[in-house]
Amino acid sequence: EEEEEAAAAALVAAAADAAAEEEDGDDEAEARRGAAALGLGGSEQPESDSEDEMPLNTIGNVPLEWYDGFEHVGYDLEGRKIMRGARTDELDALIKRFDDPDANRTIHDALHGVDVVLSQEDVALIRRLQRRRYPGATFDPYPETVPFDFPDGKVHPLSSAPPRKAPFLPSKDEAKKVMRLVMAMRSEQYQRSVANRRLQEAKERPDYQQLIWDEPPEGEVRHRKRLPAPKVSLPGNAESYNPPKEYLFTPEEAKAWEKMDPADRPLGFVPQAYDAMRKVPQYDGLIRERFERCLDLYLCPREAKTRLDIDPDSLLPQLPSPAELRPFPERLSSRFVGHAGRVLSVSVSPSGEHLLSASADGTVKLWEVETGRCERTCSLGAEVRSVRWCPNGETAVAAAVVGVKMLLLLPLREP
């Protein structure tokens, strides 16, 4: 019996230890989840990384979801990218949890992209926060009350006696000070000092209107006049549900109204007569008129602008007088008559004694400049577009263009 009681006690103790360990493991797991939610990390770091080597992310309050599509999670103090750490899958994480004794106290710091092992102080802090306690273990929420001794020996310093009347009455001394200040402000010396100070402030105050333009404004600045919104014209007799007969359209007027352009129609509708108002149907142009009214309110001018009255003659350039354009021919000295068609080209010889003219009648004529007499006529058989003398005066040679051909002429050689 004693052996059975000892075995039973051992089983109860083992069950109690197992329950305690399970509770500790649940607390550590809960603390790890809380630390992951709060973003806390302990002083202990993995062997591959240390607190000094871990980069400090400087993105501030920027949500980490904005970096989901990138390979980095932020930037360190020197502006370098903090690459996202390689995350293991769930199976590897489960195997690592069994192999690593610190797996229950390891959380992933998404801000810096590293895994952090919580210390015992961090776990204790998280447990206190989860149990809604104060973070500091040594904090005393109920300190001892320090007694205060009043100098007059009263237990309660406050009194329920009514306040005195004197604090609510105006002070005579203050009234005298106010009267002295008012008399000083009304004095002529004070008024002059105020005027001088205002003039000095006006001189020292910068003129912001003259920062861009150095020239002063020509006149006073006029405020812009606001125009009211256009008003809707009042309805007339034609818009009545039973207008007089003279406002109703005849068949001819209705056809003419339909053929007119909508912008030229005097009325936007055809007047109709009904016996009662309940028989009036819905107006078809209601939406269109409301839309046009909105356009009027939106596009109407809001300011009164001065219209420029410009004389059209002032826009024309000033032409010089004919007296300033001299010398130019003022009288007919000679005429060269002989071509049957339109003259297309004229060329004067280098010596200035002879003149060649080409015409649409297919001829080239040689003229004497001084007398205007035709000395020779060359028929080329087609329209002559151009004729020119050779610039060299020693060789009396001329060139004429007939269609796509250029012919050389000797006008001064005798035939």
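Mentor: Gladly, and one term comes first: a contact means heavy atoms within 4.5 Å. This is a predicted model, in which local features need pLDDT of at least 70, side-chain atom pairs count only at pLDDT 80 or more, and totals for chains, interfaces and linings use all residues. Residues are numbered from 1 along each chain as its sequence is written, and side-chain values use heavy atoms, with hydrogens and water left out.

Setting aside neighbours within four places in sequence, Leu-356 touches Ser-345, Val-346, Ser-347, Val-364, Lys-365, Leu-366, Val-387, Trp-389, Ala-398 and Pro-411.

Leu-356 belongs to the largest nonpolar core, which has eleven residues. A nonpolar core is a set of buried Ala, Val, Leu, Ile, Met, Phe, Trp, Tyr and Cys residues joined through side-chain atoms within 4.5 Å. Buried means under 20% relative accessible area, exposed over 50%, and partly exposed in between (1.4 Å probe, protein chains only). Besides Leu-356, the members include Ala-358, Val-384, Ala-400, Val-402 and Leu-409. At least two core residues come from each of strand 6 (354–359), strand 7 (363–368), strand 9 (384–389) and strand 10 (398–402). Helices (H or I, at least four residues) and strands (E, at least two) are DSSP runs, numbered from the N terminus. Another core, of six residues, lies apart from this one, and Ile-107, Val-116, Leu-118 and Ile-126 are among its residues.

Now step back to the whole chain. It has seven helices and eleven strands, and 17% of its 415 residues count as buried. Of the contacts with a separation of 6 or more, 42% join residues 24 or more positions apart.

Finally, the structure contains three aromatic pairs. Rings of Phe, Tyr and Trp (its six-membered ring) pair if their centres lie within 6.5 Å; planes under 30 degrees apart count as stacked, over 60 as edge-to-face and the rest as tilted. Tyr-67 and Phe-70 form an edge-to-face pair, because their ring centres are 6.4 Å apart and their planes stand at 65 degrees. Tyr-67 is buried, at 13% relative accessible area, while Phe-70 is partly exposed at 48%. Tyr-134 and Phe-139 make a tilted pair, with 4.7 Å between centres and 45 degrees between planes.
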